[in-house]
Amino acid sequence: MELGLVGLGKMGGNMRERIRRAGHTVVGYDRNPDLADVHSLQELVDGLQGPRVVWVMVPAGAATQSTIDELAELLSPGDIVVDGGNSRWTDDEKHAEELAAKGIGFVDCGVSGGVWGLENGYALMYGGDAEHVARVQPIFDALKPEGEFGSVHAGKVGAGHFAKMVHNGIEYAMMQAYAEGWELLEKVDSVTDVREVFRSWQEGTVIRSWLLDLAVNALDEDEHLDKLRGYASDSGEGRWTVEAAIDNAVPLPAITASLFARFASRQDDSPQMKMIAALRNQFGGHAVETKK
């Protein structure tokens with residue numbers, strides 16, 4: 001099968017290689033000419049035989065929108081666009097409608113696997129009409145991990161990115177739980193080797209996971225994480241998960257708390273904690289710390 005792939009960064013570049021290893025032809029375009037096979041979207045489209053499939057792997061939002069807008073003018077009826085970035089599912093519905101007006105199909109695909117995907121495969125969650133998904137299926141099969149699981153046709157357009165969004169929300173909460181447990185273990189005097197406690201959990205426990213394995217890797221590199229600053233950004237999907245929960249009246253206390261914990265990490269001197277300290281001092285005479 002032939003595939004056009006737009007965006008050859010950390011994820012896209014490795015995906016191109018994995019698809020090629022499976023025997024398919026990939027024509028890749030990136031704004032960085034050192035990474036690209038062709039040097040424009042026009043050249044990419046011209047290099048594919050119809051009906052074409054073009055996979056977009058660029059940042060969500062404006063970059064994805066402008067890429068799809070340009071492809072809409074270059075592609076022909078019967079072609080298909082796949083959005084494999086981290087787009088919001090509501091954008092998928094908009095893109096599908098815009099492309100359908102020109103006879104172009106659309107599939108959204110949530111992709112998980114990070115820098116490990118080239119060797120281990122990528123977990124894929126895709127949404128769209130069955131006929132469009134079937135056209136892309138050889139590429140999904142090339143990208144997914146070996147074995148029975150690792151990919152799913154989650155539903156109609158938007159379902160793939162919605163599923164990936166929830167996946168990332170769960171990831172937020174799992175990481176937060178590991179982080180809180182690690183901090184508590186580091187805090188007490190009785191536990192003398194926190195790293196080895198984490199390592200011991202990798203076998204036979206109900207909390208073993210790939211995230212735990214990665215935590216042990218990180219502690220092997222920097223046992224007490226002294227080299228890191230306690231700051232964590234968020235990709236946006238955690239926020240979207242919480243917003244979707246509010247819209248659907250679904251309680252997500254753990255995921256919501258993990259998102260707010262990331263916001264707290266960006267405050268070197270928390271204004272909220274100033275008020276809490278002041279109130280504790282007012283009602284109970286508790287000590288406060290002042291700036292030096």
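**Figure 1. The two sides of helix H3 in the predicted model.** In this predicted model, the exposed residues Ala62 and Glu73 lie on the face of H3 turned away from its buried side. The buried residues of this helix are Thr64, Gln65, Thr67, Ile68, Leu71 and Ala72. Around the axis they cover an arc of only 165 degrees, which places them on the same side of H3. The partners against which these buried residues pack are strand S1 (2–6), H2, S3, S4, H4 and S5. H3 consists of 13 residues, and the distance from its first C-alpha to its last is 19 Å, close to the 18 Å expected at 1.5 Å a residue.

Figure 2

Figure 2. Strand S4 (residues 80–83) and strand S5 (residues 105–112) run parallel and are joined by 4 bridges. Within this pair of strands, Ile80 stands opposite Gly105 in S5.

**Figure 3. The salt bridge between Arg16 and Asp37.** Side chains of opposite charge can pair when their charged atoms come close. The model contains 15 salt bridges, and one of them is formed by the side chains of Arg16 and Asp37, with a distance of 3.1 Å from N to O. Arg16 belongs to helix H1 (residues 10–21), whereas Asp37 lies in the loop between S2 and helix H2 (41–46), so the pair ties together parts that are 21 residues apart in sequence. Arg16 is buried, its relative accessible area being 14%, while Asp37 is partly exposed at 34% relative accessibility.

**Figure 4. The salt bridge between Arg52 and Asp79.** The closest N and O atoms of Arg52 and Asp79 are 2.9 Å apart, and the two residues form a salt bridge. Arg52 is found in the loop between H2 and strand S3 (53–56), and Asp79 in the loop between helix H3 (62–74) and S4; the pair therefore ties together parts that are 27 residues apart in sequence. Arg52 has a relative accessible area of 16% and is buried. Asp79, at 2% relative accessibility, also counts as buried; the cut-off for this class is under 20% relative accessible area.

Figure 5. Arg195 forms a salt bridge with Asp220, and their closest N and O atoms are 3.9 Å apart. This pair links distant parts of the chain, 25 residues apart: Arg195 lies in helix H8 (residues 194–200) and Asp220 in helix H9 (residues 210–221). Asp220 is partly exposed, with 40% relative accessible area. Through salt bridges that share partners, Arg195, Glu196, Arg199, Asp220 and Glu223 are joined into one network.

Key
Residues are numbered from 1 along each chain as its sequence is written. This is a predicted model: local features need pLDDT of at least 70, side-chain atom pairs count only at pLDDT 80 or more; totals for chains, interfaces and linings use all residues. Side-chain values use heavy atoms; hydrogens and water are left out. Two strands pair if DSSP finds at least two bridges between them. A salt bridge is a side-chain nitrogen of Lys or Arg within 4 Å of a carboxyl oxygen of Asp or Glu. Buried means under 20% relative accessible area, exposed over 50%, partly exposed in between (1.4 Å probe, protein chains only). The expected span of a helix is 1.5 Å times one less than its number of residues. The arc is that of the directions from the helix axis to the C-beta atoms. Contact means heavy atoms within 4.5 Å.
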